[in-house]
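Thanks for coming. I will go through one structure today, starting with its overall make-up and then turning to a few side-chain pairs.

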Amino acid sequence: MPRLDLCGDARARKRIGKAFESLIALQARLRAPNGCPWDREQTHDSLRTYLVEETYEVLDALESGDARKLADELGDLLLQIVFHAELAAEAGKFDIADVIEQIYTKMVRRHPHVFGKVRAKTSADVLKNWEQLKTEERAKNKASEAKAPDASILDAVPRSLPGLLEAHQLTRRAANVGFDWQDVKGIFDKLAEETAELKQSLASGDGRAEEIEEEVGDLLFVGVNLARFLGFDSEVALKMANRKFAARFREMERIAASRGQSLSGLSAAEFDGLWNEVKSGNSKNSLGKRAVSAERA
């Protein structure tokens, strides 16, 4: 098993090492008694929101295709990791070196097809082996904690994740060990089945709110499954749909205003007509046309 190489190329090591050490020293300085009052007040819990925000900003930068913006946002995310490591170091729990060593060791351990004798011809084989190794790791951890060895491959999916991401992770992990649809037709059939059940619950008139909510959840879950099966991330796909809707709605507002109208005063038929006009790209505003004509669905 390869060990963490602290030598490597001298010039690259010096540049990267100096930059990283400077960042760590900077965060420690901000936390020092004569440092920044805001930084000194932060805890692991108080930083959770910023960690989520920075992660989404990285995703937004990825979608923009702007390399400079991506580098900037990755820096913000890296700072969050350094910040949490500094808090842990102050508490005597671990430091950034422990973080790096643990992920390095884990990556080597989980790639036996590269650093060991296990064979993996496809990415599907890699993912299957990955899930098996993680299950074994969790079983060992539970055994060491004197708990029942009831490890599941789903244990690593945090329940605190946003719903779309949690559904994606749950079904992805299940699929990695072979529990998945045979083809997309099966998912469409399931989508039709869940839609019919929701319609039936609504039509009955005596459906409890909890039951209707459950049916809506089932429908959304299948939608996430469909996106994953087709190779897409449901969160990213929904973000794109959100932006497309917002662009079209703003164009509707612009057109209505140019005609001396207000959207709140339109009839259902007028709404449909205006929406179709915007959707087809027939509005006279070229910027609006460009915004709404770049459809991906």
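**Overall make-up**

The protein chain has 13 helices and zero strands; both are DSSP runs numbered from the N terminus, with helices being H or I of at least four residues and strands being E of at least two. Read from the N terminus, the elements go α-α-α-α-α-α-α-α-α-α-α-α-α.

Before going further, a word on what you are looking at. This is a predicted model, in which local features need pLDDT of at least 70 and side-chain atom pairs count only at pLDDT 80 or more, while totals for chains, interfaces and linings use all residues. Residues are numbered from 1 along each chain as its sequence is written, and side-chain values use heavy atoms, with hydrogens and water left out.

Of the 297 residues in the protein chain, 24% are buried. Here buried means under 20% relative accessible area, exposed means over 50%, and partly exposed is in between, with a 1.4 Å probe and protein chains only. The protein chain exposes about 20,300 Å², and 57% of that comes from carbon and sulfur atoms; these areas are from the Shrake-Rupley method with a 1.4 Å probe, and for residues only the protein chains shown count as cover.

Among contacts with a separation of 6 or more, 52% are between residues 24 or more positions apart. A contact means heavy atoms within 4.5 Å.

**Aromatic pairs**

Rings of Phe, Tyr and Trp (its six-membered ring) pair if their centres lie within 6.5 Å; planes under 30 degrees apart are stacked, over 60 edge-to-face, and the rest tilted. That rule gives three aromatic pairs. One of them is Trp 38 with Tyr 50, which is edge-to-face, at 5.6 Å centre to centre and 80° between the planes. Trp 38 is in helix H2 (residues 37-41) and Tyr 50 in helix H3 (residues 48-64), so this pair ties together parts twelve residues apart in sequence. Trp 38 is partly exposed at 37% relative accessible area, and Tyr 50 is partly exposed at 31%.

Next come Phe 245 and Trp 275: their ring centres are 5.9 Å apart and their planes are at 40°, so the pair is tilted. It links distant parts of the chain, with Phe 245 in helix H11 (residues 234-258) and Trp 275 in helix H12 (residues 268-279), 30 residues apart. Phe 245 is partly exposed at 46%, and Trp 275 is partly exposed at 24%. Together with Phe 249, Phe 245 and Trp 275 form one aromatic cluster.

**Salt bridges**

How many salt bridges does a search of the whole structure find? It finds eleven, counting a side-chain nitrogen of Lys or Arg within 4 Å of a carboxyl oxygen of Asp or Glu.

Glu 90 and Arg 31 form one, at 2.6 Å from N to O. Glu 90 is in helix H4 (residues 67-90) and Arg 31 in helix H1 (residues 10-31), so the pair ties together parts 59 residues apart in sequence. Is Arg 31 buried or exposed? Arg 31 is buried, at 12% relative accessibility, whereas Glu 90 is partly exposed at 40%.

Lys 185 and Asp 189 form another, at 3.0 Å. These two are four residues apart in helix H9 (residues 184-204), which means about one helical turn separates them. Lys 185 is exposed at 54%, and Asp 189 is partly exposed at 41%.

Finally, Arg 259 forms a salt bridge with Glu 277, with the closest N and O atoms 2.9 Å apart. Arg 259 is in the loop between H11 and H12, and Glu 277 is in helix H12, 18 residues away.
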